[in-house]
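Subject: Structure handover

Hello,

Please find the structure below. My notes on what was found in it follow.

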Protein chains: 2
Amino acid sequence: MNRDIFLKLLEQRQFKAVRSILDVMNEVDIALLLSELDDKALALAFRLIPKDKAAEVFSNMDTSMQTYLVQVFTEKELKELVEDLYMDDTVDMLEELPANLVTRILDTVSAEDRIKINELLNYPADSAGSIMTTEYVDLRKNMTVAQAMAHIKETGIHKETIYTCYVTERRKLIGTVSAKELMTEDDSMVIESLMETEIISVKTHTDKEEVARLFTKYDLIALPVLDEDDHMVGIVTFDDAMDVMVEEATEDITKMAAINPSEKPYFATSVLAHAKSRIPWLLVLMFTSIITGAIITKYEDAFAAIPLLVSFIPMLMDTGGNCGSQSATLIIRGLALDEIHFRDLFRVIFKEFRISLICGGVLAAANGIRILIMYRDPQLALVIALSLIATVIISKLIGCMLPLFAEKLHLDPALMASPLITTLVDTFSILIYFNIATMLFQL
Amino acid sequence: MNRDIFLKLLEQRQFKAVRSILDVMNEVDIALLLSELDDKALALAFRLIPKDKAAEVFSNMDTSMQTYLVQVFTEKELKELVEDLYMDDTVDMLEELPANLVTRILDTVSAEDRIKINELLNYPADSAGSIMTTEYVDLRKNMTVAQAMAHIKETGIHKETIYTCYVTERRKLIGTVSAKELMTEDDSMVIESLMETEIISVKTHTDKEEVARLFTKYDLIALPVLDEDDHMVGIVTFDDAMDVMVEEATEDITKMAAINPSEKPYFATSVLAHAKSRIPWLLVLMFTSIITGAIITKYEDAFAAIPLLVSFIPMLMDTGGNCGSQSATLIIRGLALDEIHFRDLFRVIFKEFRISLICGGVLAAANGIRILIMYRDPQLALVIALSLIATVIISKLIGCMLPLFAEKLHLDPALMASPLITTLVDTFSILIYFNIATMLFQL
């Protein structure tokens, strides 16, 4: 939908046309379109959205738009909206709103819902509990398929997903039945004979990253969440799991670039917030690399005697850093995807050692030949070739081991990525280089 | 399930116990367990899997296991397996198998299926067509809910998902109905009055990355795929979209570490293949950083006069590289998530410029004070502080602009990440540093 046409229609109060447009648009696209309007137009446009779409459009808006709307809504409008929102979307919104608006919303809901919402708000930020919804289809094992279908027809409309139904007994989860089975099996079949009893479930405190991993591993549509007493308290749906996957990948990628992760998109983050998330690591790494500098000063005599030696410093440092970050990145990603574990340490080391022999060999040959041709100095070529091989080996070993040890120590492996490894590897490459040079040139 | 106990039961031919174990295990976990068996035990164990689970276990195995089983299966076993496999899983398998086994499998399927399979095999590797399945629920607009439900009961069992049903007319897609609506609406309602007509769909040639983005954006369970004539030819299901998302994130992350991406997990890739995917960029970057070295030699006189100057090279190079990779990473991720576009170039530049003023200022102050305290040399402190500020600004600008230009030129922005930027930024930081030093120290 073209924003300008939409705005013009809205200004000219052609509400019928606006309503028709909103009627054929997808909820996500409506939310995007509305994000380009100013506050007054937003409130007007939102009230023109067909009633059955309003809640979903609302849950797709960003916090600033939601905040504004909650402020201007009448009590009646607010009550209707919250009734139509899924429990997990209400909680997501409440987590971001200022306290006075939270109170305003909680005043509109039933006492029962208020208790549920407060419970959900209390789960830790990265837990399964924080992303779950309490609205799921609950069946009994002695129901028939026909009874189950009738039960869903009665209660299902406001459940976020009805495609996996949960069979409980005294609040314990004893089985699951898919809507596919209900729709394709005989009406007289008893649920108990259909239900799957090998259930994949998580606890309320399970990390949401682990939750997302289970969705990918088992291709789930929903995942039941149990409390400490193994009572079923809610489900996580696949759309929230997909969001977590995207978020976690972004978090890993930013950490690997030495940035403290932020949950907001690039443009929504202020200049000061950007600077704050980048400065800590820059400072740490700057002071670490001063050590490398200090080591260089110890070899002042060497480069005073042969000034050309200094010119190879960037090449050796960069190559070491690149080799280290290649290995570190592959290991960090393997850990995140559950393909590599700490117990594989020696397998990884042996593999990286062989890889670095090949990489080091090729780089040393290429650069050695270049130096022979350019400077006709076989001794210099040998120094650089040997330094390169040693640097590549050491860098790849540091690069592959640090993330594994981080995992073992329950630190985030992503923090061990390129920048930290580059800085560490610098020191080693300089030490190797000047030692080999001092020895071979007998400085 | 403990692998050793399972193996012992298998060896002792306690088939009843093995069957009971397999009966209560999830298909994905069975495939993982079987991956630890040798070939002979694998064939034996696979034949003990309950018939209704066998196909799904098979589709979760890796290619080498699938290849072995296809070789040892009788014609009858193969026919049964392929009948139970979803079309997209069959095609995935065929894409990896050697030609003689492909022929063996195609011989077991009906002429009609063979044509469908061959069509699917012909879609380009990264297209929607290559990950879609042709098995979906097809409804007519004049059906009632009851008729639609009866139709699903008849044909639905072998459809990969029945949760979104597609209403077609002369092979054109005219609407979608969710199973949720069918289950909660009145039996006598006509499909046409229920169906959603604003349909999100893709073409067979749409890039699979774009497909995955639509799943996350619109929280889809399935997405219809149309051919050139807008005829509906298949659907992509959310499990395949999730796999694409994970794959694409891995690909971006490896590219950002200067590695040519591979589709195989770390341990499944040979040492030689690992070396091959890493060497090209290492060579390119090594020769690029030689330029930086060449520039340094031009300032031989400077560091001959003040040898201490050399010791600040690593710190300036590393800081420049880190700043550049921070900016580049955020922009690359923003581009991948569709949050940043080339049209934002000037907004990005202005934002990064202000961020780099803050970052550069803090780093310069920290390091300047350190130098004042350690060397009591205000002139040196000034040189380093000024060099730091200039380096941070230049690095962040290069870091944010390169990925945007790559996107504009239809290159992969991920290739513009840390390693390339580090190497480029090195040259600038060295030039800035020695120019400031030469000027202030009047060398």
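The side chains of B:Lys53 and A:Glu198 meet in a salt bridge, with N to O at 3.3 Å. A salt bridge here is a side-chain nitrogen of Lys or Arg within 4 Å of a carboxyl oxygen of Asp or Glu. B:Glu198 likewise forms a salt bridge with A:Lys53, and the closest N and O atoms of that pair are 3.3 Å apart. B:Glu198 sits in the loop between helix H14 (191–194) and strand E4 (202–203) of chain B, and A:Lys53 in helix H5 (residues 51–59) of chain A, so the pair joins two chains. Helices (H or I, at least four residues) and strands (E, at least two) are DSSP runs, numbered from the N terminus.

Before you read on: this is a predicted model, in which local features need pLDDT of at least 70 and side-chain atom pairs pLDDT 80 or more, while totals for chains, interfaces and linings use all residues. Residues are numbered from 1 along each chain as written, chains are lettered from A and ligands numbered from 1 in written order, and side-chain values use heavy atoms, without hydrogens and water.

How many residues of each chain are in contact? For chain A it is 116, and they touch 116 of chain B; contact means heavy atoms within 4.5 Å. The area buried between the two chains is about 10300 Å², and carbon and sulfur atoms give 71% of that. Buried area is the accessible area (1.4 Å probe) that two parts lose on being put together, summed over both.

On to a pocket, meaning an open set of points on a 1 Å grid over the protein atoms alone, where a 1.4 Å probe fits, with protein on both sides within 12 Å along at least five of seven lines; lining residues have an atom within 4 Å of a point. The second largest pocket is lined by 21 residues, and A:Glu209, A:Arg213, A:Glu407, A:Asp412 and A:Pro413 lie nearest its centre. H16(A) gives the largest share of that lining, 4 residues.

Regards
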